[in-house]
Amino acid sequence: MTDPTRIRNFSIIAHIDHGKSTLADRLLEYTGAVAERDMREQLLDTMDIERERGITIKANAVRLEYRAANGETYTLNLIDTPGHVDFSYEVSRSLDACEGALLLVDAAQGVEAQTLANAYLAIDNGLEIIPVVNKIDLPSAEPERVSAELLGILGGDPNDVIYVSAKSGTGIEQLLEAIVDRLPPPGGVAESPLRAMVFDSYYDTYRGVVCSIRVVDGEINSGEALRFMATDLSDAADEIGVLLPGATPVTRLGRGEVGYLITGVKEIDLIRVGDTVTDAATSADAPLPGYQEPKPMVFSGLFPADGDDFERLREALDKLRLNDSSLVYQPETSRALGFGFRCGFLGLLHMEIVRERLEREYDLDLVATAPSVEYRAHLTDGSTVQVRSPQDLPDAQVLADISEPFVKVMVITPSEYVGTVMELIQQRRGEMGEMTYLTPERVELHYQVPLAEIVFDFFDQLKSRTRGYASMDYEPGDYRRSDLVRVNILLNGVPVDAFSSIVHKERAYRYGRAMVERLRRLIPRQLFDVPVQAAVGSRIIARETIKAQRKDVTAKCYGGDITRKRKLLERQKEGKRRMKMVGQVEVPQEAFISALRIDE
Amino acid sequence: MSDPGALDAAAGERAAYIHIPFCHRRCPYCDFAVVDLGEQPTSFDRYITALEIEISMEPEWCPLKAVNLGGGTPSVLSPEQVGRVLRSLDDSFGLLPGAEVSIEANPEDWTEQHATELRRVGINRVSLGVQSFDPSVLASLGRVHDRATVVDAVRNAHRAGYDVVNLDLIFGTPVESMASWQDTVAAAIGLDPNHLSAYALTVELGTALSRAVRNGAPGPDEDDLADKYEHLVAAVGDRLAHYEVSNWAEPGRECRYNLTTWGQGEYLGFGLGAHGHRDGVRTRNVRRLDVYLRRIEEGVSPEAGREAMGEWERERERVYLGLRLRAGVETGEAGAALLASPAGQRLLAAGVVELHGDRLLVAQPLLTDAVAREVLALDPFD
């Protein structure tokens with residue numbers, strides 16, 4: 001056990017690409033946790049997708065031993081946090097395991113919205129913040145300007161800012177000294193029943209669920225009987241240990257210490273991030289505060305392109321969930337797409353990651369329906385129905401009105417783009433809140449925007465309209481009544497459920513128009529004219545016609561080459577077999593995929 | 001109107017196809033087995049000798065009712081070389097009296113002397129590769145003749161006493177306007193041929209046209225092709241009988257060789273890349289000239305592959321091939337299976353196929369392949 005006064009628990013808050021992983025690598029290297037030859041770029045990020053996207057999904061914790069200038073040796077626990085808004089709950093749990101945070105900002109880029117959002121979260125959690133300006137050796141670096149920005153947000157003395165180059169190692173020692181000097185040691189009560197917080201968990205094929213814990217009160221011993229308070233699950237501590245960064249078992253973790261815990265539990269669902277672990281025999285009276293059930297924000301139908309892959313998709317989702325308890329799904333049947341699952345995600349990025357992993361790691365070819373949010377339908381009888389899929393929207397006769405989730409959006413932009421950003425957000429039905437000049441050149445804008453408007457390409461639009469300079473973050477807000485309608489798309493008079501969407505009344509025409517035009521292009525001509533219509537209730541708001549096919553015959557049977565001609569026809573027929581029948585209309589799989597692509 | 005019984009009967013006749021692969025240049029849309037003489041000068045005599053050997057290697061068979069020399073450009077051969085091939089066929093199998101002996105010819109090759117001499121060695125039907133009367137269309141198809149050449153070629157054929165003069169047209173070339181096609185059709189009809197064939201330009205893989213289209217050049221347009229086809233059908237009217245999707249003829253002048261093909265009849269195939277159908281087996285020859293010549297000269301069959309079909313496959317094939325005839329095909333088992341299938345029901349409902357007595361026919365010939373695909377997908381009745 002380590003003397004709590006010699007422990008410093010901290011995390012690094014940074015925007016993507018601002019050098020968090022490089023800084024972590026440098027700290028590990030400097031403190032000797034990793035021999036230089038073992039250094040692998042960005043050691044903390046383990047999954048391929050995370051590496052490619054330059055983000056961290058799963059938090060992790062590494063223990064460093066640092067001999068400070070005062071001659072004492074300190075244990076520094078670097079707790080990694082996810083960098084994306086979709087995972088803000090995980091971020092808050094990780095931050096809660098720390099007493100301090102390094103607010104790391106790129107000397108060329110300045111403060112970004114996500115960083116700021118997480119910094120506010122850290123301040124709200126009572127963390128001590130050390131402002132760090134990174135990449136000071138870049139030719140485009142403006143450390144003074146960025147430092148002024150940081151101080152504008154955090155307050156404090158210009159001398160508080162630490163300048164580093166994580167790449168070259170400049171300033172690392174000053175930073176380590178600041179961690180020791182300025183961050184407080186952990187609190188908590190040693191002589192009280194065990195309370196440790198689970199701030200991360202993941203599934204390992206061999207070990208089952210591995211969780212990262214921070215001991216707040218008491219101590220945890222190897223072999224001890226434990227209880228997870230939120231799920232009321234009891235099990236023994238098979239192994240406890242610390243990450244150096246390799247897993248190293250220990251017999252005991254005391255107050256303020258950070259490590260991992262393995263019990264016999266195999267289902268990730270039973271061990272939740274934010275839960276409190278206590279002693280099964282002498283249980284704590286109350287869990288640590290802050291636990292929340294994972295709450296999906298964005299929903300989409302996932303269907304196997306090949307109907308025969310349904311079971312494989314189910315197995316893949318089951319396996320993914322072992323690792324990701326925030327993923328929820330239930331079977332869904334679409335007339336157009338067959339059997340699949342309606343999945344709930346923490347956000348758009350989470351959705352994309354899940355889809356990519358399903359396709360890449362499980363070799364599935366998927367069709368995803370347009371992402372939707374969870375609406376609330378208020379019925380004439382006073383009851384309320386959750387609507388996670390446009391198909392679930394009750395009939396107009398019983399529907400009084402609909403409310404939709406709003407989110408609190410924060411945008412940080414160079415001031416020259418304020419007008420552009422305002423225009424974009426107004427188009428997205430946003431309501432303006434506060435506006436603050438961080439510096440004369442940088443503005444922080446606050447809005448209330450329907451989540452559904454963020455779900456579609458908002459981030460891309462913001463980036464492209466501000467040449468990549470604006471950044472954004474959002475957090476859940478309240479539900480508000482909106483003038484929403486469901487647009488149905490009919491193919492030859494038959495509604496195609498996969499293409500229906502709940503949209504704002506003023507958007508209905510545009511959505512319908514775009515969809516019917518797209519489908520007219522994508523669906524091959526049939527034996528008869530096929531009307532493609534967009535309808536709100538019984539009212540047709542847009543119509544296109546796929547003209548009947550006129551020519552489907554090739555030239556003569558060349559020099560008697562019947563075999564080749566037959567094979568060609570058979571191949572074509574095979575292609576048609578993969579089409580989905582919607583009523584009497586043959587629709588190729590690609591038409592579904594392309595029509596649902598969000599590229600307006 | 002052609003007599004369906006007479007057309008069906010042709011399927012029982014024996015035919016032979018001779019492939020003459022040589023061309024002075026390869027046309028941009030062509031994917032046949034062709035030897036571009038500009039790139040690969042070749043001795044015709046050596047090839048003719050190889051053909052003679054291949055014919056002599058073929059086991060004994062029935063006398064032939066139809067012979068077709070296709071290509072490539074068979075008209076590049078001398079009458080003497082053509083004569084050698086025909087004699088060889090006659091020696092091995094015999095040519096029946098009144099047999100159709102047909103050659104494909106480029107109009108510029110079809111001089112009065114050439115026509116006359118070929119007639120003398122036994123050719124009695126000529127299919128002229130007219131394609132179009134529009135110079136810009138001809139240029140884009142890689143053709144070098146002009147309108148006057150075609151007029152002369154037709155006159156030469158008549159003077160030499162050919163039984164059938166077929167004009168072969170291509171429609172739907174991207175540079176071809178509707179007016180241009182109307183003019184081509186009028187000009188072709190004006191020459192009073194007793195046989196006419198017209199094919200939609202098709203983008204075949206591996207051709208220069210296919211590469212151009214892939215690189216963004218315009219390809220044939222479905223509606224344009226359909227408009228042009230419909231114009232042709234209307235313009236020909238009752239002058240000639242529309243007996244197959246792409247063929248018109250005076251009754252009795254239908255191409256017997258092609259009728260054999262569509263009627264699932266049997267034919268021998270000789271030469272580079274040639275296809276045969278004998279004793280229920282479909283065969284194909286190698287497509288490379290050096291390989292073909294070497295094999296023959298070593299006394300080895302130039303066959304590159306063969307396909308024997310089961311009973312049900314043959315039945316399906318009978319129907320899908322026969323549906324190309326405007327008179328349709330005897331319904332039979334596969335026809336009945338089609339009509340009983342959901343796809344067949346849809347085709348009936350859409351008026352694409354019709355049942356006339358015991359014959360199943362495609363009422364919208366432009367959709368023939370849509371029907372053929374369904375026929376080929378049919379499973380046999382239990």
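Biologist: Which conventions apply to the model and its numbering?

Modeller: The model is predicted, so local features need pLDDT of at least 70 and side-chain atom pairs count only at pLDDT 80 or more, while totals for chains, interfaces and linings use all residues. Residues are numbered from 1 along each chain as its sequence is written, chains are lettered from A and ligands numbered from 1 in the order in which they are written, and side-chain values use heavy atoms, with hydrogens and water left out.

Biologist: How many aromatic pairs are there over all chains?

Modeller: A pair of aromatic rings is described by the distance of the centres and the angle of the planes. Rings of Phe, Tyr and Trp (its six-membered ring) pair if their centres lie within 6.5 Å, and planes under 30 degrees apart count as stacked, over 60 as edge-to-face and the rest as tilted. By this rule there are 13 aromatic pairs over all chains. The ring centres of F22(B) and Y47(B) are 5.1 Å apart with the planes at 80°, so this pair is edge-to-face. It links distant parts of the chain, 25 residues apart, with F22(B) in strand 2 and Y47(B) in helix 2 of chain B; helices (H or I, at least four residues) and strands (E, at least two) are DSSP runs, numbered from the N terminus.

Biologist: Are F22(B) and Y47(B) buried or exposed?

Modeller: Both F22(B) and Y47(B) are buried, a term for under 20% relative accessible area, with exposed over 50% and partly exposed in between (1.4 Å probe, protein chains only). F93(B) and F270(B) form a stacked pair, 6.3 Å centre to centre with 20° between the planes. F93(B) counts as buried at 7% relative accessibility, and F270(B) counts as buried at 1%.

Biologist: Which charged end sits over the ring of F406(A)?

Modeller: A charge sits over a ring if NZ of Lys or CZ of Arg is within 6 Å of the ring centre and within 35 degrees of the ring normal. Over F406(A) it is the charged end of R480(A), 4.6 Å from the ring centre, and the charged end of R6(A) sits over the ring of Y74(A), 5.6 Å from its centre.

Biologist: How many cavities of 30 Å³ or more are there?

Modeller: Rolling a probe the size of a water molecule over the atoms shows where empty space is left. On a 1 Å grid over the protein atoms alone, a cavity is a set of points where a 1.4 Å probe fits but cannot get out, and lining residues have an atom within 4 Å of a point. Grid points are joined across faces, edges and corners, and a volume is the space filled by probe spheres set on the points. The count comes to four cavities of 30 Å³ or more, and the second largest cavity holds about 80 Å³ of space. Of the 12 residues that line the second largest cavity, those closest to its centre include V553(A) and F171(B).

Conventions: On a 1 Å grid over the protein atoms alone, a cavity is a set of points where a 1.4 Å probe fits but cannot get out, and a pocket is an open set with protein on both sides within 12 Å along at least five of seven lines; lining residues have an atom within 4 Å of a point.
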